[in-house]
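Good morning, everyone, and thank you for making the time.

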Amino acid sequence: MAQGFSAFDHEMMARALRLAELGLYTTTPNPRVGCVIVNAGKIVGEGWHLRAGGQHAEVHALRAAAERARGASVYVTLEPCSHQGRTPPCADALLAAGVRRVVVAMPDPNPLVAGQGLARLRAAGVLAEEGLLAVEAGELNIGFVARMTRSRPWLRLKVAASLDGKTALRNGASQWLTGADARQDGHRWRARACAILTGIGTVRHDDPQLDVRGVAGLASDSRQPLKVVVDSRLELPLGARLLRGARVLLAAASPDTSRVAAFREAGAEVLLLPGADGQVDLRALFAELARRGINEVHAEAGFRLSGSLLGAGLVDELLLYLAPCLLGDAARGMFDLPALESLAGKRSLLIRDLRPVGPDLRLLARFA
């Protein structure tokens with residue numbers, strides 16, 4: 001139990017975090033935030049942020065509480081904002097409602113807030129406390145925190161492989177290594193991302209739609225992640241399925257004006273980011289994605305691009321689905337990485353989660 005907080009405080013903040021999760025698929029580029037208002041030991045109002053431009057969690061909860069907010073305690077998963085954005089400052093709304101106490105899970109890493117919301121509350125005499133279930137709140141908004149603190153999205157690299165670490169046969173055949181349950185679980189991870197990234201090799205071989213399907217809470221007319229294709233020489237077929245009716249960004253290194261014009265005519269945006277090696281500058285791409293408000297990137301790529309992302313130090317997390325089968329030494333591996341001469345060069349991982357998904361295993365790991 002966090003020092004200074006009661007069991008009831010923990011219960012209310014846990015409820016606020018569950019409310020915040022209701023915006024898991026829809027709040028981008030904003031963080032996921034939940035709020036619970038309690039007066040005389042009873043919940044009198046609660047709310048969560050649903051989408052950018054809409055009311056923040058605190059405003060929804062205050063409206064539900066109405067006059068019962070006066071003298072109440074407020075539990076909110078992220079520091080109330082103190083600046084005028086698309087909506088007025090939530091810190092001011094809390095003060096106007098006359099709340100007595102505000103408990104915050106974590107401070108807002110946005111430089112426009114960064115402690116100023118808490119400072120405003122304290123200056124007005126409100127008891128403002130922070131740090132209750134901060135780790136859980138940070139995990140819920142791990143991409144937002146990454147973008148705000150390092151100007152780069154959180155990159156989750158998804159790989160489906162056999163137990164001997166192979167992703168496809170030597171001829172490229174890979175559908176389907178994992179079962180239907182694992183594939184549907186992968187769509188839920190896609191849904192929480194702001195962008196789905198792949199490479200031209202995967203598009204040429206599999207012609208993926210690269211969208212989210214079959215996820216409750218993300219209807220076909222709701223927010224779909226941006227599709228990002230790393231295509232240095234602009235070789236994407238104009239008939240590719242991923243170009244149909246969705247936002248597509250092609251990251252290229254070739255200034256082929258005729259191809260650029262053709263893709264723009266097809267509705268795709270082309271971003272020229274040439275690196276010194278003639279390939280797309282991946283670091284520059286991720287800096288640009290952060291500038292556009294992309295919090296989480298979900299990558300599903302072949303072993304070459306996956307290796308390049310790892311080599312560039314851009315991968316934060318591995319999402320591995322392991323099928324109970326063996327493909328043998330001649331099959332394709334997970335990552336195209338340079339050979340090591342010593343085990344001292346190995347990259348260690350921390351396993352965050354391991355669980356069965358249908359007949360397969362899902363492993364979530366981060367670099368140590």
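Predicted model: local features only at pLDDT ≥ 70, side-chain atom pairs only at ≥ 80, totals over all residues.

Residues are numbered from 1 along each chain as its sequence is written, and side-chain values use heavy atoms, with hydrogens and water left out.

Let me start with the overall fold. The protein chain contains 11 helices and 16 strands, where helices (H or I, at least four residues) and strands (E, at least two) are DSSP runs numbered from the N terminus. Its radius of gyration is 23 Å, close to the 21 Å that the globule rule gives for 368 residues, so the chain is as compact as a globular protein of that length; the radius is taken over C-alpha atoms, and the rule is 2.2 Å times the number of residues to the power 0.38. Along the principal axes, the C-alpha atoms fill a box of roughly 70 × 45 × 40 Å.

Of the 368 residues, 52% are buried, and here buried means under 20% relative accessible area, exposed over 50%, and partly exposed in between, with a 1.4 Å probe and protein chains only. If we take the contacts between residues at least 6 apart in sequence, 70% of them join residues at least 24 apart, a contact being heavy atoms within 4.5 Å. The accessible surface comes to about 16,900 Å², and 53% of that belongs to carbon and sulfur atoms; these areas come from the Shrake-Rupley method with a 1.4 Å probe, and for residues only the protein chains shown count as cover.

Now to the annotated residues, which residues does UniProt list for "binding site"? The unreviewed entry gives H56, C81 and C90. Although these are spread over 35 residues of sequence, they cluster in space, with a largest C-alpha distance of 9.3 Å.

C81 lies in the loop between strand 3 (73-76) and helix 3 (90-97), and it is buried, with a relative accessible area of 6%. Leaving aside neighbours within four places in sequence, C81 is in contact with H56, P88, P89, C90, A91 and V113. C90, for its part, lies in helix 3 and is buried at a relative accessible area of 1%; with neighbours within four places left out, the contacts of C90 are H56, E58, V59, P80 and C81.

E58 belongs to helix 2, residues 57-65, and is buried, with a relative accessible area of 3%. Not counting residues up to four places away in sequence, E58 touches C35, V76, L78, P80, C90 and L94.

What covers the buried side of this helix? The buried residues of helix 2 are covered by elements including strand 1, strand 2 (42-48), strand 3 and helix 3, and the buried residues themselves are A57, E58, V59, A61, L62 and A65. A57 is buried at 1% relative accessibility, and beyond four places in sequence it is in contact with V33, G34, C35, G47, W48 and H49. After helix 2 comes A66, whose phi is positive, near 55°.

I will finish with the backbone details. A cis peptide bond, with omega about 5°, joins T28 and P29, and P29 is found in the loop between helix 1 (7-20) and strand 1 (34-39). Two further residues deserve a look for their phi values. A114 has a phi near 40°, a positive value in a residue other than glycine; A114 sits in the loop between strand 4 (101-104) and helix 4 (116-123). L234, also not a glycine, has a positive phi of about 55° and is found in the loop between strand 9 (226-230) and strand 10 (248-252).

Is each of these two residues buried or partly exposed? A114 is partly exposed, with a relative accessible area of 47%, whereas L234 is buried, with a relative accessible area of 1%.

Technical notes
UniProt positions renumbered as here; feature names shortened; annotations may be inferred.
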